[in-house]
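Here is a short note to read beside the model. Keep the structure open and follow the points in order.

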Amino acid sequence: MKTVEEIRRDFPILSLKVNGRPLVYLDNAASSQKPIQVLNAYCRFCESRYANVHRGVHTLAETATGDYEEARKTLADLVQADARGVVFTRGTTESINLVAQSYGRKFIKHGQAILMTPMEHHANLVPWQVLARAVGAELRFWPLNQDGTLDMVEGRKLLDARVAMVAVAHVSNVLGTINPVREIVEMAHRVGAKVLVDGAQAAPHMPVNLSEIGADFYAFSGHKMCGSTGIGVLYGRPEILEDMDPFMTGGEMIREVWLDHATWNEIPHKFEAGTPPITEAISIAAAARYLQEIGMDWIHAHDTMLTARAWELLAAEPGVTLYGPAGERGALVTFNVAGVHPHDLAALLDRDGIAIRAGHHCAQPLHRWLGVQATARASFYLYNTPEEVDALLEGVRAAKKVLQLV
Ligand code: C6P
């Protein structure tokens, strides 16, 4: 078992100095850093195994195809799912658009409803708005409790036989709320609705067992789990993917093409039109192996420890308002400091080498619900330390001094 110090040595970027100060990287919910194992896997593949996949019969084409399909199995293993249901996409956003268009346009009918929550990232909101407008479906929203958890009693009342799709975040990227997705899936299936879970902030941080959760669709991104940008996963239950029409069309996703029509390849290839993100798939698979070697249980416990420390320290700091549930939560804390705009706070922290995110975090409706335009967010990962959480608090205090609030 590696210590956090050993883990940190795997990430070359963490030894950077930013503005003359050691980098304290607390923007992992936006994008995480990459360990040398992932960078090496990427380089090795490009140096000695690279070619296009599923096309050539030459040696490199077969090697690359084998590695690409092996990557799919690695990702299936990470979330304990059937590899036939693992579609490589560009990321969570594309995964959700794929479902909204390919499943939604075919199966969600005029007068049916799509049930979401006000805490959704725009990526799990706007594609459903567009679909609803196109097919004449109704949008419904699962109410929140004051602490930013789902109101399970009121939500249940909205789940009737007209609901065709429930689209819900596993972990909110602002509130940190961990939603009871297994229970939601059970409730939704009882009324015949399908469920898409946005796992962008969950899959990188905790063990995810899709055979237990039972979701029909589950989406996540490579760049938030130590892999590269430009790659993500859509898991879809194979029997549902079989019935869906393709999202994009062109090469690779076809079986036979005539001048006036075409037939589709088998799943998951039916959803991977054109040359897929091959090197990115190698990178996300190396990242998944790295995370599994450290252990998803360990990562979850480590994130939880850091998050609890940050919550406790910031809650005790005068002028700080924290958002979301106080107890069990994802690997982030979102807050405001009275009298300080979050962008100013982020800029002042940056002078101390501390990277956080400020803004609406692609969740404008949620910020309206919170009654603020913007928030500051610190988000943690396996390489962060308790000392870095303490540095965040010190940075917040220093910012208050600079702005003469104390
Ligand atoms: N949230 C954040 O700083 P993409 O950009 O497609 O990889 O992921 C979109 C996405 C979808 N759902 C959730 C819950 C997310 O958190 C994100 C990405 C980043 O919070 C960038 S806005």
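1. First, the terms. Two strands count as paired if DSSP finds at least two bridges between them. Strands (E, at least two residues) and helices (H or I, at least four) are DSSP runs, numbered from the N terminus. This is a predicted model: local features need pLDDT of at least 70, side-chain atom pairs count only at pLDDT 80 or more, and totals for chains, interfaces and linings use all residues. Residues are numbered from 1 along each chain as its sequence is written, and side-chain values use heavy atoms, without hydrogens or water.

2. Now the sheet. Four strands form an open sheet in the order β13-β14-β17-β16, with antiparallel pairing. β13 (320-323) and β16 (357-359) each have a single partner strand, so one side of each lacks a neighbour in the sheet. From one strand to the next, the twist averages 30°. Angles run from 0 to 180 degrees between N-to-C directions, and axes are lines fitted to C-alpha atoms, for helices over the stretch in contact.

3. Look at one pair. β16 and β17 (residues 375-379) are joined by 3 bridges in the antiparallel sense. Arg357 stands opposite Arg377 in β17.

4. Next, the helices. Contact means heavy atoms within 4.5 Å. Helix α12 (residues 342-351) packs on the sheet and touches β14, β16 and β17. Its direction makes about 160° with that of β16. Helix α11 (residues 296-315) lies across β13 and β14 (332-337), at about 15° to β14.

5. Is Leu403 buried, partly exposed or exposed? Leu403 is partly exposed, with a relative accessible area of 35%. Buried means under 20%, exposed over 50%, and partly exposed in between (1.4 Å probe, protein chains only). Leu403 is found in the segment after α14 (386-402).
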